Amino acid sequence: MNITAREKDRESTEKRILNAIGEMIAEEGFEKIGVNAIAARSGVSKILIYRYFSSVDGLIASYIRQHDFWINFPLEITSKEEIPDFIKKMFHQHIEQLRKDPTLKRIYRWELSSNNEMIVKLREQRESVGVKLIERVCELTGKEQSEMAVFASMATASITYLIMLGEFCPVYNGIPLDKESGWEEIEKGIDSMVDNLFTN
């Protein structure tokens, strides 16, 4: 087998392992995740799982890095004029991804009650992206970094909380979290806040 073929074979195997752990987290949470269960679900030997990811924590970290919205967010803002629409679209995409991905919702809940080395590193990666994004927006608009940081923190934290809450609580402040109409209302509210932020 040549190098290219081996690389493709490894890529395919890693994908099977990552898909397996994503399915397991979505179905069962983290309690039953172990290398034996992952091997059985993916059809890949424990030896290869350890070789490719070092540990179960390393595998979970790889899954998060591959799917996390903020870690993978592109920092491409070219002009001041496009910023309001860019930010609206960003929050809409964040809502859409997190609502549709049960695995990410479980991971967010797990992170809130854990503080191991892997999670600390992932938070640092998200923090780096967030700070760079805020700095770029402030550079183009002249807005105070503290103002933008507070707005971004409140918006992202609220979105995450409401999406996680929506699995157990169908209504929040009269907004139906279990219906599309409720999320359309939330998105319109976010759009309005963005417009107010950049017209004042």
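Predicted model: local features only at pLDDT ≥ 70, side-chain atom pairs only at ≥ 80, totals over all residues.
Two packed helices are described by the angle between their axes and the distance between the axes. For helix 4 (residues 56-67) and helix 6 (residues 102-112), the axes come within 11 Å. They cross at roughly 120 degrees. Helix 4 and helix 6 are therefore oblique to each other. The crossing of helix 4 past helix 6 is left-handed. On the helix 4 side, the contact is made by I60, Y63, I64 and H67. These residues meet T103, L104, I107, W110 and E111 of helix 6. By class, this contact holds 6 nonpolar, 2 polar and 1 charged residues.

Helix 6 also takes part in the lining of the largest pocket, where helix 5 (83-100), helix 6, helix 7 (117-141) and helix 8 (145-165) each supply at least two residues. The volume of this pocket is about 770 Å³. Helix 8 contributes the most, with 10 residues. The lining divides into 18 nonpolar, 4 polar and 4 charged residues.

A set of 14 residues lines it, with S158, L162, I186, I190 and M193 nearest its centre. Two or more residues of this lining come from each of helix 8 and helix 9 (180-199). Helix 8 again gives the most to the lining, here with 6 residues. By class, the second largest pocket is lined by 10 nonpolar, 3 polar and 1 charged residues.

Notes
Residues numbered from 1 in each chain as written. Heavy atoms only, no water. Axes fitted to C-alpha atoms, helices over the stretch in contact; angles between N-to-C directions. Helix = DSSP H or I, 4+ residues; strand = E, 2+ residues; numbered from the N terminus. Parallel < 35°, antiparallel > 145°, perpendicular 65-115°, else oblique. Left-handed = near helix turned anticlockwise from the far one by under 90°. Contact = heavy atoms within 4.5 Å. Nonpolar A, V, L, I, M, F, W, Y, C, P; charged D, E, K, R; others polar. 1 Å grid on protein atoms, 1.4 Å probe; cavity = no way out; pocket = protein on both sides within 12 Å on 5 of 7 lines; lining within 4 Å. Points joined across faces, edges and corners; volume = space filled by probe spheres on them.
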